[in-house]
Amino acid sequence: MKQFIDQHAKIGLLLIFGLMFQTLVNGQGLGTITGKVIDKNTQENLIGATIIIQGTTLGAQTDAEGKFIVKGIPPKSYNILIQYVGYTSKTLFNVVVTSGNILTFNLELDPASKSLGEVVVQSRTFGKKTETPLSIQSLTAEEIKSNPGGNFDISRVIQALPGVGGNTGGAAFRNDIIIRGGGPNENVFYLDGIEIPVINHFATQGSSGGPQGILNVSFIQDVTLSSSSFGARIDNPLSSVFNFKQKDGNEERLQGNLRLSASEAAITLDGPLTKNTTFLASARRSYLQFLFIFLDLPIRPSYWDFQYKTTTKINEKTTLTTLGVGAIDDFKFAIPEESTPEKEYQLRESPNINQWNYTLGAVLKRRISKGYMNISASRNMFNNALDRWEDGKENDENFRAVKIRSQEIENKFRIDINKFQGKWKYAYGGMLQYVKYNNSTFSKINNGVFDSAGTQIAPPLTISYNSAIEFFKGGLFGEVSRRVLNDRLNLNFGIRTDVNNFTNEGLNPLQTLSPRFSASYALNDKWNLNATVGRYFKIPIYPILGFRDGAGTLINKDNKYISTNHYVGGVEYLPTNSTRITVEGFFKQYGNYPVSMLNGISLANQGVDFGILGNEPTVSVGKGQVYGFEFFFQQKLTKSFFATFSYTWFVSKFSGNDGKLIASAWDSRHLVSTILGYKFKKGWELGAKYRLAGGSPYTPFNLEASRGSYLSTGSGILDFSQLNQLRLGAFQQVDLRIDKKFNYKKVTLDLFIDIQNLLSTPQQAYPSYVFERNEDNTGWKTTDGKAIQQNGSNAIPVILNNTNTTFLPTFGFILEF
């Protein structure tokens, strides 16, 4: 391990010093910004739009194709203003100009309200849309790159947004995205209009979490999170919609960046392919397994991921975009050097995970009379292999405990028409999907039942089945919006329905009829009142739909679409063009939530871990409710300083078969996040982040039942009479990031240090139940010194608290060329 680190450190230093020696004599270079400005409603080019690099005399105007280029910009951070007569202006904050790479932006401007009587109107929308006037947040690429503790991981960075939690059970290394008390599988993700079901490496099937994000931040122009008021064109959201907007490859020249750190190596290239086509492409390889060995952590993740995008201008009205994202994952647990025998035994019981996934898609955008249409086609596939052996006896089938092989495949076609007529805007469209799901499962429930003399009186209990299903899903939507009351009140109404030919009631469109309504009223140019009410549906996850009993019967076809009703209201204060303050209250009601038929408990009250969620018989009788409020303050880059602060309080409760609402696995109650950043002179940047999440609920062990069954099942038995009645300690973490940029003639070097959990704050995870082991870990300790009894009567139970204080530093460099 030390030889590996030393070798890569030497290579990195040679690259850095070699580059500095060759380029220092050339002096500091200058940066370039390019892009295109279009009308948001019609997608038509805006000719003569003005681009101003604030704080300088530099700028440009768009040409007949709506394109612009600004050259000769001294490298540093700028705010960039885009203006056009009769349109609401837009400001791009914290744009970091370097000499190494050309920056490319695709910008849309909204027509200004005519009643305001101004030629140019300042934008203060902060990412708001007509159909989503509230519960919306956005991040720029620079905010993602410079996020302290983010380590270029988009999935981790978005956990700093208001209402977003991600550390259930104290597992700080996972990206379980929990929005306002909803589960990780209640979120949907779109990349340039293509749905991406898997955005994390080592994902939990049936959920969205995993230790590391897949998407390459070098591709991203901005990210928008909607935690309510979802547009009708989106299917399956219950808690949130994430829209990732990618930049286009630049049209000027081939360029790229190389990122090397203690955790990964990545290369990204972009530029022109032909006169009308640009591209972006990247590949990344992780070194996390070596870093975690060095830090003596028990997990060994290893992965590759790949990403590409092409943009082709077919003619003046038509553009074709193709994209792809893929990952290859290998995840294992290992024994750290500093470990107890009990912890070592527990880790040997943990599963090995091998996965791969991909999404491929194409979007055709064409301008039509007074609007535009989008036609998209995509295919995504997720392959999951999970293996576990007893006592770490890997590859010995006599000791196999779990073997799962499953695949999810979706083929999707979508079309939407977007038009405007005066003050009216409307959209309509539909989607069709062909779905396949395969699952081969073997799981040993216990090793048999023994009497007090150790005689086996019942054979081992196992579950074994093979399942393959395929079906179609379809959906239709429509929405309309209009400004009234002298353009101060913006109203939006949408409706959607979804069907499928698999579940027993899936072909009834009235079952999923989902209206939604939103309103935004401008009291003046600084104060806005916003409100929304809506009903949303999600089809049960594929592991539920594909589950078969011992006779091979698909017993979950009676499951219904999960429903939720959202009621949200809030006030927004915009004192300046760069400052935003919001306060919102929210209430969510859930229906038809899946409840396990094995124990009568809602899946929302069980939490998630590695493996598969919902691979069991369920019934749609669960209910739930979440309510709370949220405060958010945001200061965009002003005088070299930027900051955010958010506080969310919520209560999340779900019911099982008994109908009693109890704290869900996501009910952490309190979420606090703050980020502070400062841009110093000469390329120095400093950022700090603090996060707090209240303690997650958990269920204690039934000590008597656990003692009697541990040797058969290999795990403790939870006391469901006290379901989620205890809580872990609060999660807290301080992260720090320092950057230093060197800009040469055509090359930029960024050296960075990114530290997670700077203060080594203890982080508590769910406890575990084991029996005490002897010192050489070859057997069990007993109270009488004799061989352990099968019923555990002479065993010594141990509850492992699973608290860690991991201090995780990452250092590296980014070379732009």
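**Questions about a predicted model**

Modeller: Let's start with a pair of strands: S1 and S7 run parallel to each other, joined over seven bridges. This is a predicted model, where local features need pLDDT of at least 70, side-chain atom pairs count only at pLDDT 80 or more, and totals for chains, interfaces and linings use all residues. Residues are numbered from 1 along each chain as its sequence is written, and side-chain values use heavy atoms, with hydrogens and water left out.

Colleague: What makes S1 and S7 a pair?

Modeller: Two strands pair if DSSP finds at least two bridges between them, and S1 and S7 have seven bridges. Strands here are DSSP runs (E, at least two residues), as helices are (H or I, at least four), numbered from the N terminus. Within this pairing, Thr 34 stands opposite Thr 104 in S7.

Colleague: Which strands form the open sheet, and in what order?

Modeller: The order is S4-S1-S7, with mixed pairing. Strand S4 (67-73) and strand S7 (103-109) are the edge strands, because each pairs on one side only.

Colleague: Why is Gln 43 called buried?

Modeller: Its relative accessible area is 7%. Buried means under 20%, exposed over 50%, and partly exposed in between (1.4 Å probe, protein chains only), so Gln 43 counts as buried. Gln 43 sits in the loop between strand S1 (31-39) and strand S2 (50-53).

Colleague: What does Gln 43 touch, leaving aside neighbours within four places in sequence?

Modeller: Gln 43 is in contact (heavy atoms within 4.5 Å) with Ile 38, Glu 108, Lys 365, Arg 367 and Tyr 372.

Colleague: What makes a set of residues a nonpolar core?

Modeller: The members are buried Ala, Val, Leu, Ile, Met, Phe, Trp, Tyr and Cys residues, joined through side-chain atoms within 4.5 Å. The largest such core has 32 residues, and Ile 154 and Phe 244 are among those touching the most other members. Helix H3 (154-157) and strand S16 (240-246) are among the elements giving two or more residues to this core. Apart from it lies another core, of 21 residues, including Leu 46 and Tyr 78.
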